[in-house]
Amino acid sequence: MDVELLEVRNFISQYPPFDQLPEEAIIEVAKSVEISYYRAGNMIIEFGDNIHDLFMIRSGVVEIYRRTGELYNRLDQGGVFGQMGLLTNNKVRFPAKAIKDTLLYCIPENIFEEFCERYDVFADFVEVEGTIRLQQAVEDNSDDANSLTTSKVKTILSSEPVMLASTTSIQDVAKMMSEENVSAALINDPNLSDEGGESFVGIITQRDLCAKVIAQGLDVETQVVEVMSTELISLDHNAYIFEAMLLMLRYNVHHLPILKNKQPIGLIEVSDIIRYESQNSLLIVSSIFQQNSIDDLVLLSHQLKDCFVRMINEDANSHMVGRAMSEIGRSFKQRLLELAEEKLGPPPVPYCFLALGSMARDEQLIVTDQDNAIILDNQYVEVEHGKYFEELARYVCDGLAACGYTYCSGDIMATNPEYRKTQSQWEECFADWIDNPNPQALLNCSIFFDLNGVYGRPKWAEQLNAFILRKAKKNNRFLACLARNALNRTPPLGFFKDFVMEKDGRHKNSINLKRRGTAPLADLIRVHGLAIGSQSQNSFDRLEDIIEAGILPPSKGKDLQHAMEFISLVRIRHQALDIEANQEPDNNIEPENMSDFERRNLKDAFLVLSSAQNFLKFRYTANSMQNS
């Protein structure tokens, strides 16, 4: 083999799809290629041109466009293009332009067609769009995940729950439970008409019958409403088994009602999930509530990094990791609030402590700061009650910082008096942000529109969320402004040899996968979610609502799900690798630490994000103009 042929062979064998072909096929390609050169700025192929070659970039940079002139992709060394034209009547579908001086290997059409017939791996690569490759990459990962993190609670429901009226006697309840061979029953109040809310008002268990009836010598003709438990902890049927375990550990309950459309469809017990429970990191939740001081919690928090790494090594997907880390974070907050009340005494007025941002969305990872706030009862009076809540906020925020949840650099914490407001003050604040969407208001919305009640009166958080949805959904001007604000963070589409890098600071020459990927995805999903009135907080759950609402072009919702999952997975895995290498984890990834698989699929994911941002701009700009 002469030197020039050897050089061509060595080059093409490094890149997909040729890197998976046998040696004789690579030599066949090398013998057939012709070389073309294009100066920077020149078109290589135009829309509608005849095309009879597959192009592979030997050196340089090529931009691929849609017929509208919109950027579709940017390729560098080893990239291939032209396959869609060869597959569709030899007409160029995606024009291509040399951005730098570019050298191309031109592979003849007959070789292309022969390889499509002969090699499935080649055909699979050239025949699928980037979004399909991305879907396959995500699904391949989920195939390896363990059952704890991928099985939903609805899969372990064996029967409908036993439902009884609150007027039923204790004796009849016990008879029914015995006949149905169950250890708990759900209680309805027949006098209530639930308008979209939970249809049940309590739960009665065998333990309740022992402790509250037999031990107390209570008359068995007493109505069950007198002894049932009314502090109801429940879970949606689409939640995962590991979430059920987290809740049961956090609240120390042995029975968990499972809801669909806020109506009970089943009841699971601890025994139902024992078979899923292995030696996994989620048991840290139960340990949090056994700690009796900040020092104890700090010692326990040292396990968080190992907990995070174990989840990754067990092949948990990003959705599961985010939910688990968020639940752990909420548990730290809850325990700190309990300890604060032990120290300071009971609160002078009721309150709700809020988690904001990624923790509220169940998307928190190991690299995080704290965003929180407090809703105060409308009877709150600053001069009488202010000192208590100032001290409570300081105790919790200092405790979180000691446990590794760093202080918010923007001071969005309950220690800031700006973020301790009464219910009515918060409503006035959100109404003003929505009615007057100036830059600061929009910045606040990107943080405060994801809120979750952690402790105290969590119903207040639900009510505030409902208020936000009512106000935002019907305000087209606000949605248009929020959509424009969501376009401020763009994906790194300028893929040169090693991607476009951050240009400043400690992480120069790396890609920030949060700033460039997951954050802009969460931003645009939030806009769509507000527009349809989605009550979900998690980005994946919001996407399900958005897909169901039908406001996205066909298949684009699933593309967004796959893009969110893949970018998150790369971010999570590299944080885990940093921890295992005894380095401080961050959101940045250096090109030299990326595999070809990650590089290729990240490009597809970023293109999905870019396309979704373009649609967002079109939809809400047009929407606001039509309704102004």
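Reply: In helix α19, the buried residues are W460, A461, L464, N465, F467, I468, L469 and A472. Buried means under 20% relative accessible area, exposed over 50%, and partly exposed in between, with a 1.4 Å probe and protein chains only. Helices (DSSP runs of H or I, at least four residues) and strands (runs of E, at least two) are numbered from the N terminus. An α-helix has 3.6 residues a turn, so residues three or four places apart point the same way.

This is a predicted model: local features need pLDDT of at least 70, side-chain atom pairs count only at pLDDT 80 or more, and totals for chains, interfaces and linings use all residues. Residues are numbered from 1 along each chain as its sequence is written, and side-chain values use heavy atoms, leaving out hydrogens and water.

What lies over the buried residues of α19? The cover includes strands β15 (351–356), β16 (372–376) and β18 (451–456). It also includes helices α17 (423–435), α20 (476–485) and α21 (513–532). Contact here means heavy atoms within 4.5 Å.

Now the length of α19. It holds 16 residues, 458–473, and at 1.5 Å a residue these should span 22 Å. The expected span is 1.5 Å times one less than the number of residues. The end C-alpha atoms of α19 are 23 Å apart, which agrees.

D362 is found between β15 and β16. Its phi is near 60°, a positive value in a residue other than glycine. Most residues other than glycine have a negative phi, and most peptide bonds are trans. D362 is buried, with a relative accessible area of 13%.

N181 also has a positive phi, about 55°, and is not a glycine. Its place is the loop between α8 (170–180) and β10 (184–188). N181 counts as exposed, because its relative accessibility is 71%.

Next, a hairpin. Strands β13 (residues 255–260) and β14 (residues 263–269) run antiparallel and are joined by six bridges. Two strands pair if DSSP finds at least two bridges between them. L259 faces P264 of β14 across the pair. Two residues sit between the strands, and N261 takes a positive phi near 55°.

Four strands form an open sheet in the order β1-β8-β3-β6, paired antiparallel. β1 (34–38) and β6 (80–81) are at the edges, each with a single partner strand, so one side of each has no neighbour in the sheet. Within the sheet, six bridges join β3 (residues 53–59) to β8 (residues 102–108). S59 stands opposite L103 of β8. Helix α1 (residues 3–12) packs on the sheet and touches β1, β3 and β8. Its direction makes about 95° with that of β3. Axes are lines fitted to C-alpha atoms, for helices over the stretch in contact, and angles run from 0 to 180 degrees between N-to-C directions.

α1 also meets helix α2 (residues 23–32): their axes come within 9 Å and cross at roughly 125°. That makes α1 oblique to α2. Angles under 35 degrees count as roughly parallel, over 145 as roughly antiparallel, 65 to 115 as roughly perpendicular and the rest as oblique. L5, V8, R9 and I12 of α1 make the contact with E23, I26, I27, V29, A30 and K31 of α2. The loop between α1 and α2 contains P17. A cis peptide bond joins P16 and P17, with omega about 5°.
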